[in-house]
Amino acid sequence: CQRQDGRPSKQRLLVVANRLPVSAIRRGEDSWQLEVSAGGLVTALLGLKEFDAKWIGWAGVNVPDEVGQRALTNALAEKRCIPIFLDEEMVHQYYNGYCNNILWPLFHYLGIPQEDRLATTRSFQSQFDAYKKANQMFAEVVKEHYKEGDVVWCHDYHLMFLPKYLKEYNNKMKVGWFLHTPFPSSEIHRMLPSRSELLRSVLAADLVGFHTYDYARHFVSACTRILGLEGTPEGVEDQGKLTRVAAFPIGIDYERFIRALELPQVQNHMKELKQRFAGRKVMLGVDRLDMIKGIPQKILAFEKFLEENPHWRDRVVLLQIAVPTRTDVPEYQKLTSQVHEIVGRINGKFGTLTAVPIHHLDRSLDFHALCALYAITDVALVTSLRDGMNLVSYEFVACQASNKGVLILSEVQHSLLGLGLFW
Ligand code: ADP
Ligand code: F6P
């Protein structure tokens, strides 16, 4: 592909993900503030510079009025983002329901909802219907913006029907689908009533990607065992059509962190933090407040450490920065209360009039504050019970260029970190 000046033009790419890289906060009838969204998908794709890319995704907020929708569409256009507006009921059924109450726990081996989380089979069905409907809405927007030769890259468990809908529209469209979570063993995937439809829809893509070889292997064996298809070294074959399946571990834009550490505001912030915690070792957790991140387990382990090592009680502090996530899902609400209760109890038990052992923040930190915190940390605690590809561990290592901090990883993360560091 050549531009008029003779230089090769960049490949056009349509990134399609449930979440846009920026989140919108309404400031007036037609004014919006945009902030970078937290989450691994966004961080991983920030390094995507080789493409002429546009991003299609859910606006992330309910905007029932046309004035607001138009203003937000314009504000997002400057960031090369195209919003999809979903109403409250759709968000409830598709995002809170099928995505985050069914697929997310299942893909992380937490099972499928029991009676208390899923009142009737009918509600399962209506969530599944909404999921398909939402995927159709995404497909419609892709169709509007697609030009011949574009590559369409669909992301994550929210959009497993999208490859099928896109290929039905235009079989020549180049479609990739990448999963940012684990893909579970076929024994687990088998528990899902819609197991076959989901697999077949993903298989409509040309290329299907996972973080690790194991997740790719699980997917291929789900296709062979559940659908009875042929697994090959390249992927899955169905009636002569091959869908390529492979592992592509994501990473971070390492240089962005290194550059940030040189900035005066980051250096000043580091100085302030060092003074604030002088004489104490700093332990750090940075997570979305999600059950897979093992946050209660991390805090309880810290309590045990203080109990068993009284001489450390006034020499160490745990900073837990936990950005709220999926706050309308009851399981996440329960987790938030549980974490607050444990932190309060431990601070009550070991705190003094001048210091507490745990600083827990329920919020996101901006990029520079996060870099400063990583840089002055002595021990980073990444305690996921199961995770797709945890990027916090990479970010911490990137910011430790001049420190001699320690990264403590739960067993489940060891193989993932190894992949990212050596590939
Ligand atoms: P996940 O994909 O489950 O969100 P990752 O560890 O892969 O988990 O990625 C999380 C991303 O979100 C990282 O880039 C991290 O810096 C960012 N993040 C997580 N929690 C916070 C927070 N409290 N403040 C700022 N950024 C955060
Ligand atoms: O890691 C899985 C994932 O769904 C990412 O795609 C996303 O960045 C992150 O979790 C945050 O989730 P949500 O968009 O639901 O806040």
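At what angle do helix H10 and helix H13 pack, and how far apart are their axes? I started my notebook there.

**Ground rules**

I am working with a predicted model, in which local features need pLDDT of at least 70, side-chain atom pairs count only at pLDDT 80 or more, and totals for chains, interfaces and linings use all residues. Residues are numbered from 1 along each chain as its sequence is written, while chains are lettered from A and ligands numbered from 1 in the order in which they are written.

**Entry 1: H10 and H13**

I looked up H10 (residues 264–276) and H13 (residues 367–376) and found an angle of about 50°, with the axes 9 Å apart. Helices (H or I, at least four residues) and strands (E, at least two) are DSSP runs, numbered from the N terminus. Axes are lines fitted to C-alpha atoms, for helices over the stretch in contact, and angles run from 0 to 180 degrees between N-to-C directions. H10 and H13 are therefore oblique to each other. My note on the words: under 35 degrees is roughly parallel, over 145 roughly antiparallel, 65 to 115 roughly perpendicular, and the rest oblique.

I also noted that H10 and H13 cross in a right-handed way. A crossing is left-handed if the near helix is turned anticlockwise from the far one by less than a right angle, and right-handed if clockwise.

Which residues of H10 and H13 make the contact? From H10 I listed Gln265, Val266, His269, Met270, Leu273 and Lys274, and from H13 His368, Ala369, Cys371, Ala372, Leu373, Ala375 and Ile376. Two residues are in contact if their C-beta atoms, placed from the backbone, lie within 7 Å. By class, the contact of H10 with H13 has nine nonpolar, three polar and one charged residues. Ala, Val, Leu, Ile, Met, Phe, Trp, Tyr, Cys and Pro count as nonpolar, Asp, Glu, Lys and Arg as charged, and the others, Gly among them, as polar.

**Entry 2: H9 against H13**

I stayed with H13 and turned to H9 (residues 254–261), where the angle is about 85° and the axes are 10 Å apart. That makes H9 roughly perpendicular to H13. Phe257, Ala260 and Leu261 of H9 meet Phe367, His368, Cys371 and Ala375 of H13.

**Entry 3: H11 and H12**

Next came H11 (residues 295–308) and H12 (residues 330–350), whose axes come within 10 Å and cross at roughly 15°. That makes H11 roughly parallel to H12. The crossing of H11 and H12 is left-handed. On the H11 side I found Ile295, Pro296, Ile299, Leu300, Glu303 and Leu306, meeting Gln338, Val339, Ile342, Val343, Ile346 and Phe350 of H12. The contact of H11 with H12 holds ten nonpolar, one polar and one charged residues.

**Entry 4: the two ligands**

Which residues come nearest to ligand 1? Of the 18 residues around ligand 1, I wrote down Gly40, Thr43, Val323, Ser364 and Leu391 as the nearest. A residue is near a molecule or strand if its C-beta atom, placed from the backbone, lies within 6 Å of it. H1 (40–45), S12 (281–288), S13 (316–323) and H14 (392–398) each supply at least two residues of this shell. The shell around ligand 1 divides into ten nonpolar, five polar and three charged residues.

Around ligand 2 I found residues including Arg19, Gly40, Asp156, His180 and Arg326. H1 gives the largest share of the shell around ligand 2, three residues. The classes around ligand 2 are two nonpolar, six polar and four charged.

**Entry 5: single residues**

I checked Arg80, in the loop between H2 and S5 (81–84). Arg80 has a positive phi of about 60° although it is not a glycine. Is Arg80 buried or exposed? Arg80 is exposed, because 12 other C-beta atoms lie within 10 Å. A residue is buried if 20 or more other C-beta atoms lie within 10 Å of its own, exposed if 12 or fewer, and partly exposed in between; C-beta atoms are placed from the backbone.

Gln239 sits in the loop between S10 (235–238) and S11 (241–247). Phi of Gln239 is also positive, near 45°, in a residue other than glycine. I found 6 C-beta neighbours inside 10 Å, so Gln239 counts as exposed.

Last, I visited Glu35 in S3 (residues 31–36). Leaving aside neighbours within four places in sequence, Glu35 is in contact with Val22, Ser23 and Ile25.
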